[in-house]
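Here are my comments on the side-chain packing and charge pairs of this model. Please read them alongside the coordinates.

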Amino acid sequence: FTAISYCWGSSERPHLVKCSDPKKIVITENLKNLLLALRTEDTYVTLWIDSICINQDDIEEKTKQVKMMSLIYENASTTVVYLGESNQETEAAMECAKELAAMKDWPKEKVPQFLPDQRQPVDPPLVGDQGEPQNFIDKWRAFTRLLDRPWFQRVWVVQEIILS
């Protein structure tokens, strides 16, 4: 099965989803968007989604399931992290993440330095297609805005990712 790590989001605009006759469940807008993003016409996948798989109205069940979370994420064949819908900055943010990951192999003096209280590199590297510092700075800004998304504010994120 595939475990899903996401933010529930607001329950202000609930959606009804038909699971099986006559069963229907109510999901949030964010979960609807997640399911649409994962949906394919020719592939079936088993998903573990906490808001669906755990009866949220049953405190005893929730308590038992929370204790099993480590097993759930450890035994998932994959874990999909859903950060929310993409926007005009998503591609640049992901490019920045790839460039940052590649820097692990760079000599220390080539890695850009960041001031602790600022979200901008002091000495941006020459990376990307243009090889210009501004190119990286624009990607960096998109990346920091990606990190502001609600998923990164969740307490469970660390457990879900480490155990996956």
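The numbered points below cover the basis of the model, aromatic pairs, nonpolar cores and salt bridges.

1. This is a predicted model, in which local features need pLDDT of at least 70 and side-chain atom pairs count only at pLDDT 80 or more, while totals for chains, interfaces and linings use all residues. Residues are numbered from 1 along each chain as its sequence is written, and side-chain values use heavy atoms, with hydrogens and water left out.

2. There are three aromatic pairs (rings of Phe, Tyr and Trp, the last by its six-membered ring, with centres within 6.5 Å; planes under 30 degrees apart are stacked, over 60 edge-to-face, the rest tilted). One of them joins Trp 48 and Tyr 73; their ring centres are 5.8 Å apart and their planes at 80°, so the pair is edge-to-face. Trp 48 belongs to strand S4 (residues 47–48) and Tyr 73 to helix H3 (residues 59–75), so the pair ties together parts 25 residues apart in sequence. Helices (H or I, at least four residues) and strands (E, at least two) are DSSP runs numbered from the N terminus.

3. Trp 48 and Tyr 73 are both buried (under 20% relative accessible area; exposed is over 50%, partly exposed in between, with a 1.4 Å probe and protein chains only). Trp 151 and Phe 152 also form an edge-to-face pair, at 4.9 Å between centres and 90° between planes. Trp 151 is buried at 7% relative accessibility, whereas Phe 152 is partly exposed at 31%.

4. The largest nonpolar core has twelve residues, among them Cys 7, Leu 83, Trp 140 and Trp 151 (a core is a set of buried Ala, Val, Leu, Ile, Met, Phe, Trp, Tyr and Cys residues joined through side-chain atoms within 4.5 Å). Helix H5 gives the most to this core, with five residues. Domain 1 (2–84 + 151–163) and domain 2 (88–148) both contribute, so the core lies between them; the domain bounds come from an automatic or database assignment.

5. The model has eight salt bridges (a side-chain nitrogen of Lys or Arg within 4 Å of a carboxyl oxygen of Asp or Glu). Which residue forms a salt bridge with Lys 64? The partner is Glu 60, with the closest N and O atoms 3.5 Å apart. Both lie in helix H3, four residues apart.

6. Lys 139 and Glu 95 meet in a salt bridge at 3.1 Å, N to O. Lys 139 is in helix H5 and Glu 95 in helix H4, so the pair ties together parts 44 residues apart in sequence. Lys 139 is buried, at 8%, and Glu 95 is partly exposed, at 30%.
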